[in-house]
Amino acid sequence: MTSELDIFVGNTTLIDEDVYRLWLDGYSVSDAVALRVRSGILEQTGATAAVLQSDTMDHYRTFQMLERLLHAPPKLLHQLIFQIPPSRQALLIERYYAFDEAFVREVLGKKLSKGTKKDLDDISTKTGITLKSCRRQFDNFKRVFKVVEEMRGSLVDNIQQHFLLSDRLARDYAAIVFFANNRFETGKKKLQYLSFGDFAFCAELMIQNWTLGAVGEAPTDPDPQADDMDMDLDKEFLQDLKELKVLVADKDLLDLHKSLVCTALRGKLGVFSEMEANFKNLSRGLVNVAAKLTHNKDVRDLFVDLVEKFVEPCRSDHWPLNDVRLFLNQYAASVHSLDGFRHQALWDRYMGTLRGCLLRLCHD
Amino acid sequence: MPGKLKVKIVAGRHLPVMDRASDLTDAFVEVKFGNTTFKTDVYLKSLNPQWNSEWFKFEVDDEDLQDEPLQITVLDHDTYSANDAIGKVYIDIDPLLYSEAATVISGWFPIYDTIHGIRGEINVVVKVDLFNDLNRFRQSSCGVKFFCTTSIPKCYRAVIIHGFVEELVVNEDPEYQWIDRIRTPRASNEARQRLISLMSGELQRKIGLKVLEMRGNAVVGYLQCFDLEGESGLVVRAIGTACTLDKLSSPAAFLPACNSPSKEMKEIPFNEDPNPNTHSSGPSTPLKNQTYSFSPSKSYSRQSSSSDTDLSLTPKTGMGSGSAGKEGGPFKALLRQQTQSALEQREFPFFTLTAFPPGFLVHVGGVVSARSVKLLDRIHNPDEPETRDAWWAEIRQEIKSHAKALGCHAVVGYSESTSICEEVCILSASGTAAVLNPRFLQDGTVEGCLEQRLEENLPAGCGFCHIPYDELNMPFPAHLTYCYNCRKQKVPDVLFTTIDLPMDAAVIGKGCLIQARLCRLKKKAQAEANATAISNLLPFMEYEVHTQLMNKLKLKGMNALFGLRIQISVGENMLMGLASATGVYLAALPTPGGIQIAGKTPNDGSYEQHISHMQKKINDTIAKNKELYEINPPICEEIIGSPIPEPRQRSRLLRSQSESSDEVTELDLSHGKKDAFVLEIDDTDAMEDVHSLLTDVPPPSGFYSCNTEIMPGINNWTSEIQMFTSVRVIRLSSLNLTNQALNKNFNDLCENLLKSLYFKLRSMIPCCLCHVNFTVSLPEDELIQVTVTAVAITFDKNQALQTTKTHAEKSLQRASTDNEELLQFPLELCSDSLPSHPFPPAKEHLESASSNSGIPAAQRATSVDYSSFADRCSSWIELIKLKAQTIRRGSIKTTVTVEKASPVGEGNFRNRSSPPCANSTVGVVKMTPLSFIPGAKITKYLGIINMFFIRETTSLREEGGVSGFLHAFIAEVFAMVRAHVAALGGNAVVSYIMKQCVFMENPNKNQAQCLINVSGDAVVFVRESELEVVSTQQPAATCQPSCTGGEVTT
């Protein structure tokens, strides 16, 4: 006796959260059944393995049918085939678009292309996440990227509207899309200590301040229809950043800046002497990073540079985080007192964001 | 020209990509009714076209309106080649033809293609203007209401129950016409769908005509079936019960009650008081008759006065113990005469109802069934389907005579079915022989006084168990005792019926699903020989099925079966029997004896030991079951309830009345062995039986199951319901084809299926699977297909334990809208408690009466309420979308990109005032095979849903194999049913049934085909909690029932 056909269809579509998780994690039906057996469900319910097999198959089939709709979540809301309560719809979508930290760290900043997709095998082996799950996550990134790529307006809002994600998840996706678009290098060994959250935090600050969208949303903007793209860095702004070079090129200005900072921080900093000794190096590093951003290649290396030029020196001198904060605040603020320096607004736009990023990047 | 049909095509969405080059579609729509076709403009390059067409108007006969479906075809325009069809929507416009139902059909319908399934949706608005008084046109029967529900629909009252209506139409099956060889599968499927739609329209119209002839206005318990006879044609047949129904919520009658409910209701019993005898007569009260004074209809107020005078006669019926036993006889005889006169003019006194207005069912005789094996031949002249008619007439005649043999004049819970394999067809009919109260069967004027008196005499809760047949001249050897409830009349020791458990029945403990399963091998044969072989096997199968049922019933410690349905299916090389029923312990019937095992070879020691071991196991199981189902009848009754010593002397009076019992009913077999229920295990076969008895596993704790409408012993349903269909097909390995192996396979299949259901629905515990409906078929040589449809309903466990409230709650639950039943209710309580306090219980039902009178208000508010209900459904998704929407609205430029990127947004962006999310939530439509929705009140019936779909695939593997294919198809069928209900303005389907699910596969060719036929009643329901709020907030006023339409569909 073999079962040829075995189905269960409810008027309200049954969704088993545990099976959904197994499916999302890319387990085959037999693996999923084995895992469920191990969870002790048979003992709890008095069911047999055959029942579990049939149940798992049913759910997998349902999920496969739902997957097509999950690719465009608004479709899931409008469709008539599966009657699913709204709270369950939300759960389906949220879980489908959720991703693994380990996986996202591997592809963050990489081009979401076929080439990267081919490397998923390696990523799967490296992270222990099933290839199927890697593919789903990668395809999700790519799908979101494709949809919002050409779109104007707030990146997070666009993602939320077209994929109906929760606020938190939409912000994460905005970061992923932003990184993929700007191809920031995140895979270098010296960046390994950084989490996805660190990068996402930086991405959010950069989107808010360094993109075209950031300019467009400024209240002073006379033209509300101006480009308000969130994905690309503001090219003009990057060009202008060259002007900051004067801060390190002009020796007087650099000395004045240093003395202003040192005066203000004397006695407040545990690592004052180290700071004093390193001031010029650090300042040169930060200003040079800004000045280089006109080249795509250097944009990609932004995080590498920041870590090399600022985070690592601080770390080697064992700066406490609070000292880093005090220093950066003072370093940014003192520029306002430099009479010879005329790019105050530009400096604030650059340093405001960078300060936030650097503070986040400074940890072990 | 009595009707104008108006159709407007509004928009489409989620259309498939038809042009690979542009990834878009140039869609237009053809709207066809009869022979007239209209077309919309082509909407270029969009997957979400906005046609916003003019109103297409069809001027048609109402005959066509009833027969024809509205056919909407969505096509992709192609300049150079033929236009490609995307899919179709068939809309049955019948619900628009009677005034009380829907006024408009408006909503999103799935676009269905028989090859690709659902491909997007289309928004359509349909209206009908009727010009004339339609009842003058005898060819049409517009205005007759149809209900699938097998009881009097909740918001109606039965004035008269006229009786059986049947009709069948035949045609050639398009699949077998010569043209099928040259046309595409799609064309062939569509021809079939259209033909069946036409035929069922015609059938419904013809049945409607018969109803009008009988002066009825509705068909209740309407059951339509298709027989796919292959080469020999296609038969569509239907049966039903013609009734004259009165809408209950007529505001004039209820408003006063609503304003001062307590006063009104209290006075009524006191008005009746001038006749004190009725109260002293104990269990029976005159309240039932009083019902009529509530009725707005004139003829009934007259009747109520006549019944008042009748009541003064009641003292004559002595209520002293024992005397009733004597008097019962003559009464029975008189009643018989009465009913006979009422039923005699009818060819078939059959009723498809399974639940009845109180007082309608007087006695139940038992199950009657008849089967016949026929050889199919080609239907030569479709206009004269005489052969098929004759076949059914023959069977019905047999049923009628069986009923007579049981001393009954009517058959209730009647149904018919067929099983076809190649050219052999088994026709089956079954029902429950019963004696009915003629009061409902004819106009009030004809009514005599007799039945009234008899009613008085009938104790509530057990009357229907009393035997209708003559004790001395019993049609089969039965074991009679005095009724354990009233001790006045005789009852059998077991009772099998096809009806639902009567509401007032006194039940001990809970019920459970009982199934008998059986396979019999048969030699492959042709034509006559085959038919003969099957005919020879049938009696044995029936016998074994009955024995199994009886054994299992005893094993459960129960004494009655309700909702019994025995299905015998025929295949190439085997017959399968599947009987399902709900077992209960009726308080009126004696405690069932245990099961004793007797061996044939007593001298063998180890054998003896084995026997005694088995015996112990059985006894343990019985004890366990009694505990599980809470069966603990009062023990003292055992002594009193011993068999009656002298039945002979008393019944001589009745001799003249006794029926000719030369007819041998099928029931003989099952009743063969009585008190000492001995199982002889003299051979391995019987051994198997005993084993299989013990292998049935009880459902896990927290689960109950039954195949009737309500679960005996559970009454406090909570509102969560989950209807489902499950299908399994197993392939038998041809090596082990013995009867025993077959039985085991089949048994395992059913048991595993049930286990799976319990597992899947475990999150609903405590819950009950109600209306569990198994269908078995043998699609191919070694394949067995089992289809189950049921509904899981959650209940409140804590309250369930308080069995004392059972009766009150049960009647409130089911009868809350039916005034008659409300009034019946104190009567039940009296029978349980003391005759001295008939009024305290009345208080309780005052509450329900007041909520009952709130119906008009509720109806008015339905539209408002429902939309708010939908609002509540919306989750943060909508919030997010709204938020996103408001943000976007700032810039105009952005919309361009949005249109390109999001197919969903497009249509709505044109109309910027309404963001897409506002109308995004698809309204929830509940589906249930039951006639009610727990925790809710049905306020309106919108019409019958009767849909037939074919799905075919030539890429079976790609669609996920047979399981993937059928899973998707059934989900699509549900979706289409829901969409149609929503478009009618409804939010639920009740009495839903999947009548056919024919699945055929050819894995070698990567092909499969499936036909599904479903039906049910589209309704509007309002949650009881909301109802209360509404009725307290708003003063009652007249309402327009029509206002409920439309809003729900958003």
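1. A word on terms before we start: a residue is called buried when its relative accessible area is under 20%. Please also keep in mind that this is a predicted model.

2. Let's begin with Ser124(A), which sits in helix α9 of chain A, a helix covering residues 120-127. Its relative accessibility is 14%, so Ser124(A) counts as buried.

3. Which residues does Ser124(A) touch, leaving aside its neighbours within four places in sequence? The contacts are Ile129(A), Thr130(A), Leu131(A) and Cys134(A). For Leu131(A) there is a further detail: its backbone nitrogen lies 3.4 Å from a polar atom of the Ser124(A) side chain.

4. For a sense of distance within the chain, compare Ser124(A) with Gln344(A): they are 220 residues apart in sequence, and their C-alpha atoms are 48 Å apart in space.

5. Now to the cysteines. How many disulfides does the structure hold over all chains? The count is 0. Cys767(B) shows why for its own case: the closest cysteine sulfur, in Cys768(B), is 7.1 Å from the sulfur of Cys767(B), too far for a bond. A pair would have to come within 2.5 Å to count as a disulfide. Cys767(B) is also buried, because its relative accessibility is 0%.

6. Cys1010(B) is likewise in no disulfide, with the nearest cysteine sulfur, that of Cys997(B), 4.2 Å away. Is Cys1010(B) buried or exposed? Cys1010(B) has 0% relative accessibility and therefore counts as buried.

Notes
Residues numbered from 1 in each chain as written. Chains lettered and ligands numbered in written order. Predicted model: local features only at pLDDT ≥ 70, side-chain atom pairs only at ≥ 80, totals over all residues. Heavy atoms only, no water. Helix = DSSP H or I, 4+ residues; strand = E, 2+ residues; numbered from the N terminus. Buried < 20%, exposed > 50% of the residue type's maximum accessible area, 1.4 Å probe, protein only. Contact = heavy atoms within 4.5 Å. Polar contact = N/O pair within 3.5 Å; in protein donor to acceptor, adjacent residues only side chain to side chain.
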